[in-house]
Amino acid sequence: MLNPTTVLALFVLPLAFALILPVMTERGSVLPRIVTMVGMLGVLALSVTIFVGYDGSTDPQLLAVNVPWIASLGVNFHLGVDGMNIYLMLLTSLLFPVVLACTWKTAHADKKLYLGLLLIMETSLLGTFLSQNLMLFFVFWEAVLIPMFILILTFGGENRRKAAMTFFMYTMVGSILLLAAVILLGVESLHQTGSWNFEFSTLYHLHLSTTVQMFVFVAVVLACLIKCPVFPFHSWLPLAYYEAPAAGTALMAGAMSKMGAFGLLKLAIPLCPQVSVAFAPTIILLAVISILYGAVLALRQQDFKKLIAYSSLSHMGYIVLGIFCLQQSSIHGSLFQILSHGVAVAGLFLMLDLLEQRLGASYKQLNALSIYAPRLAVTLMLFILASVALPLTSGFTSEFLILFGGFQHGLQLFNTGNGLLVLVCVILACSGMVLGAGYMLRFARAILYGKANEEIGMKDMNLRETIAFVPLLAIVVIIGIWPYPVMIKAQNAVEQLTALAAGTQQVQALPQTTTTLPIGGADGH
Amino acid sequence: MDRYQFLVALAGLIFTLGLLGVVIRRNLLVVMMCLEIMLNAVVLSFVTTAVRTQSIPGVAMTFFIYVAASCEVALAMAIMVILVRRRHSLDVGTFQDLKG
Amino acid sequence: MATDLIYGLLPEHLLLALILVLMLVEIFHGDRKLGGVLFTLAAAAGCAVLAVQLSNGYTVNLVPTEITIDRFALIARLVILGCGLILGICSLATSSSCKFWMLLASSLLGALTIMDSAGFISLFIGIEMLSLPAFAMMVSGDGTSSASEGAFKYLVLSSVATALILFGLSLVYGVTGSLSISVFMATVNAGGAQSIAATVIILSGFFLKAAVFPFHAWAPDAYSSVRIHITAFLASVIKAAVVLALVRIFSTIALSAEVVSVIIVLSVASIFYGNTTAIKQGAFKKLLAYSSIAHAGYMMFALIDSTGGRTEALLYYASVYALTTIIACACFSLIVPGDRDDLGQLDGAFATHPVASVLLALCVLSMAGIPPLPGFLAKFLIFKSVIASGHITPAVIAFVGSYIGVIFYLGIVYRLFSTASVPAEAGEAAGSGLVWSGVFLGSVVFILFMLVPGVFHSLLLTV
């Protein structure tokens, strides 16, 4: 079943269903929701097929769609599955049906706009993760913003206008520099290969001068750190995550934030290896500050939704830490953390929404959930434990690998006389795990235990919601207990990435290609 | 300088005067006249060069310029009639409805 | 030779015949609707002829150094005539007399003449024929005095622009002794004080016609004082024609450094000014005017390119911009009935007019430059040529300017999707079926531009 049409179908299916939606005229009937669900489940089935059938040695051509879009500029519609994006593909296709199932009965799901926006977001996210052409990547990177903007604007909370505008404009700042960097890379490929080419495979083999690498690195890192978000650029997070509707928050925290991490893996490190290695300690420092800052702020929150939002900030710091330690173990850890955190935080936000559906705004004063609704309580507890990184959950596998790789890197730097910074950072990151346990378990105690209020009657999880959460919990447990078969799929890609960063694959001498263009080169006037 | 350069410079001077007039003068009809002054300055420049280089295109251009100028003036007069009929004044200052 | 004259200029002949027939219809008090129908038929026939000529690769040098039909002429005329056709279909519903269609046809005829020209005489004639009917269109059938005021301001400044262009041409004529465009280009590149002065003066004239920053003052007044289909015409066809006239003159030749620095400063200033001032606007047509100042800035920015990608980039940008303006104005007229201009009328429009709101939102986001819409691809084509020519800092500054522009475009999308407190009327305007067919045609072309952005590149290459 592994052939290019599967990949193309993955991308086209949500778009096709989104275009069918306006034709359906029933308002308030279940038909639009059912049709959307069918579409999302189809995408999930395709993606699981690809995931199961893929192993590290699959021929990349078998799972790639390459159609010229702007042929003269080397911009192709090139989608492909490789070791780096296979987890993300699975995560994205998994989250959407779960989100729809959990918000099935809300007033939003009645509206075709809501369903259409979800489908378009699915297409754009899959496009970002699967794209193998830099320009196409940028197009989808930006295209994700529009449906999310409209979603927050139309279905969000009280402060939604400010949240939506802040979210959009803040994220676009990074994108502008990213566009300049993208075009600069295209110009470099023009100078070095004689024709415009934005394919990743071509761009990875260019010889980029240090100035160009610096500019591209700064631009990409800025855009990605804003997207995750990571410490200095996180101020849009509390507003946007709080005001968005539950589906929006779950998808933002679960899938969109991973776009930032993916950008670092796909763009920053392979395109600018020398500059990445040089700047890695700084980014590691920022990541660790993010971990601790998010944890400390989460400890002080009384509002559950804000607490989980800050915990998301903290966990994204682990992912960025793992990526920039540039060790095989830490990158594997980051990839697992992407999957695990995506699942766990989406699960947490969706559970909070389930409570809100049942109790209205007074869910914030809830306690003793374990007495009213045991199934809800157990599921919530499992997601909390995954977030806390309890051994046998996926959270533990990922954080252990990240910190292990971090220690390797820190000791390496220390032994070669490059200072203590990274080692200290990693030790501080470990303390972040303790803080994480602190606020998460406080949250668990507040909501799950305590004295029950006799008047509140609440329905437990019904069949639909239970089925929706099963796949998420399955991932948490499987990666926690037996991660090896999943890990082996990404092995080749991770090996290549670390070899690139370590310089063994890079041609050492930088040939001084004299450009023949009389007008000034790409470095400026 | 020889007479051709002098004439082109003169044309430039007249053009500038016309441009100044369009910007500064407050009477609608005078503004139109200044536009015509500008176009005539251009014609002077074209004819001078045509005589100097003994070539036809400059002279041909003159005819086209006059045709275009006449059409412009005809339209401008028609619009001016509509404007003046409303406000009964030829002063540019009375037509400040649109604030830009 | 004679058949070439007829076949090569067939679209122009069709429009001319249309004007004469419409005059006869007007004299004999024929049906008012007939004007619109005849115009649509003539424009569609012209587009078909051009498409056939393009697929055959038909080029001919009709009148040496004056009129030449080359591939650019075919493509540019197709773009202009196509935009005119879509605009015409969208305006069929307005109760316009035959005069409107005559004026529209004359203006398009002027635009087509510009695209054919290889000499400055026909270029000048084309420019005059483009603008003069526009002045008349602005005042005809409109009783308000603000329309005549806007038209008069536009007329005076447009004539000043023409005079500037002519003066520059006379200086060029003084240097070269010929009025052919190719000789002009060769001289401009050779340098010399008089050539550079002439180029700057001619550019100032064109900037004044296109409403680029220091010469933008007429645009908000002219655009906001007239009815919306005329605003659409001014903002789309006339601006696109002026920009393509510049492309016709300068084609792919690199300009000298002084001229390039002037263009950089003026276009970047235009982008910033247009985007910043548009944020505060509360009326749709004024917003369109200020955003068109910014778009003129982007288009002029493409002129500094020295890699030869200028023609393709400007053809694509001009056509995408003209198309999105026409569709946006048509959707606005569908949502807001009558002649009201207030942006507040758009609040909550998605609930009552879902399809029109979505199309308006898509057009507005395309103008903002959000991927994957064609507006982004157009900006990408321009910026890639500019960066490849080595001007990185101006490009980054222009990026920042375009980012500022996103603010007010997002504001429009916000209004469309916000839940209005007062439910607006959900009634359909009369004759909206015709507007819908125009919008539908425009949307199909819009999607085609999104799927095949390289269309102009492949069309420009000689087969």
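User: Before we look around, what counts as buried or exposed here?
Analyst: Buried means under 20% relative accessible area, exposed means over 50%, and partly exposed lies in between (1.4 Å probe, protein chains only). This is a predicted model, where local features need pLDDT of at least 70, side-chain atom pairs need pLDDT 80 or more, and totals for chains, interfaces and linings use all residues. Residues are numbered from 1 along each chain as its sequence is written, chains are lettered from A and ligands numbered from 1 in written order, and side-chain values use heavy atoms, leaving out hydrogens and water.

User: Thanks! Is A:Cys224 buried or exposed?
Analyst: A:Cys224 counts as buried because its relative accessibility is 2%.

User: Which helix is A:Cys224 in?
Analyst: A:Cys224 sits in α9 of chain A, residues 210–227 (helices are DSSP runs of H or I, at least four residues, numbered from the N terminus).

User: And what does A:Cys224 touch?
Analyst: Leaving aside residues up to four places away in sequence, A:Cys224 touches A:Trp141, A:Gly260, A:Gly263 and A:Leu264 (contact is heavy atoms within 4.5 Å).

User: Switching topic: how many residues of chain B and chain C are in contact?
Analyst: 43 residues of chain B are in contact with 40 of chain C.

User: How many salt bridges are there across that interface of chain B and chain C?
Analyst: Zero, by the rule used (a Lys or Arg side-chain nitrogen within 4 Å of an Asp or Glu carboxyl oxygen).

User: Which elements of chain B give two or more residues to the side touching chain C?
Analyst: Those are α1 (3–24), α2 (28–53) and α3 (57–87) of chain B. α3(B) gives the most, 16 residues.
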